[in-house]
Amino acid sequence: MCGIVGVVGSRNATDILIQGLQKLEYRGYDSAGIFVTDKNKNSVLVKAVGRISALQEKIDIEVNGTSGIGHTRWATHGKPSKINAHPHVSANSRFVLVHNGVIENFKELKERYLTDDKLVSKTDTEIAVHLIGKLIEEGNLSVVEGFRKALKLLEGSFAFALMDRKDSEIIYVAKNKSPLLIGLGNGYNMICSDAMAMIRETNRFLELYDEEMVIVKRDSVKIMDANGTVVKRKPYIAKLDLSDIGKGAYPYYMLKEIDEQPAVMRKIMQKYIANTNPHQMKVEQEILEAVVKADRIYVIAAGTSSHAGWAAKAFFEQLTKTPVEICLASEFGYNTPLLSKKPLFIYISQSGETADSRQVLVKMKKLGYKALTITNVPGSTLSREADYTLLLYAGSEIAVASTKAYTAQIAVMAVLAKAVGEYIGNSVARSFNLLQELSLVASAIEALLTEKKQIEQKVYKHLQNTRNAFYIGRGADYYASMEAALKLKEISYIQCEGFAAGELKHGTIALIEERTPVQALISNKEIASHTRGNVMEVVSRGAKVLTIVSQDCAQKEDDIVVQIVHPFLTCITMVVPTQLVAYYATLQRKLDVDKPRNLAKSVTVE
Ligand code: M6R
C-alpha cells in the first residue's frame, strides 16, 4: 500500500520518479506527488488527486531537477485529497517526507510535541515530518541525529524517504515493517518500494531490514542499524523482465493474467516435477521434513490467498496425513488459537508483502515455529523472513484482482502435498499422478478460454443491473464459491456472497427474491443432486440461476461446462469461469477492471 520512489544525482530525476510511480500504481492510486530539486536548491513540489496520469498533467517541463522523491497513495489517515497526498513538509518546509505505513501513536505525538504546529492535512505522515523538523531544529541536531531521535518515538510501520532542502543531494531512508529497496545506478542511486519500479534503470538492488537507516547519495549508500553501526551488504541482481510487466495487446492485465493460467500450470510442472519420473517432486528435503515433523499445519493468508488455502486443505490432509487449519492472517496474530504441540506455519501470499501475514510470521518466529512461504515474488519480505520458500512461477501479477496467482497457489500446494505423500509412502499420493492431472487442468482451462464470447453474453444477461448476487456450492465448490464471490465484488462492486449451498436455507435464503442472480457451482457427481436441489429451492423463490458444472455432472440446460479434472484440483478449473464472470460484469459496468476503487495490489498495512 502506497508506493515510494526516490533518486539522487540523475539529470533525469522527474522522468525516473514518474516512470517509477507508474510501475508502483498497483500499490495505491488515489493521489500522488513528487518533490524534485537540483544542485542549486531550486525545487518544486507537485501533488494531484487520482492516478499518476493526473500528476503528470500537472508537471511542467521546467521541472528538471537531479534528485527527488515521489509517492503514490492508498489513503489510511485522511481521505484522498491534494492536501493529504504526499510528500508532506515540516513546519518551515525545510524537510520533505514520503511515507508508506501507519504511525500508530500519531495522536499522542501530536499532543506531546506539536501542540503549537499548524498541521494542514489529516495524515499521520505530516505529524512525522513536523516531529523530525522540530527535533532537528530545536535540538540543533544533524539530520541523521534528529531523524533517529524521531524514529525512536514513532510506533507502527513505515518506509520513509526524507529530503532536506538545504542539501538536495541526499535522501535519508528508514524502514520498519514496510518494504523498501535501494537501487544502485551508475553515477546516481535510487530508492523504491518494489524493484519493478526501477528495473528500467538498474537490476542491482540492496535489501533493507527493519530498524535500518540509510543515507543515499549519488555515489554512495550508507546503511546503519538501529544503533548507528554501519552495515555492509552486497547487492543482489533482480531477475525481472520489463516485457513481463507489459499488457501487450490486452485491454486489461486481468484478462491477460486469466489467459496465462494454462502456461503457468505448465511452468509449475516444469519447475517442480522431475523430467525422468513424474512421481518425483523437486522440493527440498528440508521442507519435506518440516512438514513430516509437524502435527498440524497452520495456513496463514488473506483474501484470495486464504481461499487457495481452503481449496488445498482437503487434498493436503489426504496426501500428507496431517491436519490443516486455514487462518485469516488479520485475525490470527491477535486472536491466536490454542496451538498444537508441533505446528508448521505456511504463509500463502502472492506479493509476499501482506502486513497481516507478516505480523503473524514475526510473532510465530519469535515463539520458535518454522515458516514456509508460498509466494510469487522472490526476495519479498515473507520469503526473506521465512525458513523456506516455494515460488509460484506465475510471472508478475499486476491486476488487483488475483487470478493466476490463486490457481498457481493451489497447484504449488498440490506439489508440496504430493511430495510429502511420496516421502511418507502414502498410497493415495502414489496413485495421484500430478503431472498428468495438472496437464488436464491446463487443457481444461484452455478449453474454457475458447468460450469467452459465450460466457460474456451469458454474464451480460445474467448480471445486468443487479446490485447483489450469490455463488453457491458444496465441498470444494463451496471454497471455489468464496473465491468467485470475492472476485465479483471487488471489481464489479456487485455485493456477492459465496455460500455453502446447503446452508442457504438456514437463514440467507430470505434474501432471494424475484430475479436475484445465483451462480451455482457443481463439480462433484456424488453431491450434485443435493446442490441441484438447492438450485430448485432458490428458483422457486424467483432467483435466476447460472450453472457452472463439471462435464460429468452436466445437464442439457447448464450454462458453462468445465472439463473433468481430478477432484483434488476442481477448485482451480471451476474458478476460471468465475474470473471471467467478474471480468465481464465489470466491463459491462464500464469500470476499471485492473484498479478497483479503495483497493491496492499489495496490502502493506495491518
Ligand atoms: O499478496 P497476498 O496474496 O498476500 O494478498 C492477499 C490479499 O490481499 C489478496 O489476495 C486480495 O484478496 C486480492 N486482491 C483478491 O483478488
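Biologist: How many aromatic pairs does a search of the whole structure find?

Modeller: The search finds 15 aromatic pairs, where rings of Phe, Tyr and Trp (its six-membered ring) pair if their centres lie within 6.5 Å, and planes under 30 degrees apart count as stacked, over 60 as edge-to-face and the rest as tilted. This is a predicted model, in which local features need pLDDT of at least 70 and side-chain atom pairs count only at pLDDT 80 or more, while totals for chains, interfaces and linings use all residues. Residues are numbered from 1 along each chain as its sequence is written, and side-chain values use heavy atoms, with hydrogens and water left out.

Biologist: Why is the pair of Phe147 and Phe160 tilted?

Modeller: A pair of aromatic rings is described by the distance of the centres and the angle of the planes. The rings of Phe147 and Phe160 have centres 6.3 Å apart and planes at 50°, so this pair is tilted.

Biologist: Are Phe147 and Phe160 buried or exposed?

Modeller: Buried means under 20% relative accessible area, exposed over 50%, and partly exposed in between (1.4 Å probe, protein chains only). Phe147 is buried, with a relative accessible area of 0%, and Phe160 counts as buried at 0%.

Biologist: What kind of pair do Tyr298 and Phe345 form?

Modeller: Their centres lie 5.3 Å apart with the planes at 20°, so the pair of Tyr298 and Phe345 is stacked. Both Tyr298 and Phe345 are buried, and ring pairs link Tyr298, Phe332, Phe345, Tyr347 and Tyr369 into a cluster.
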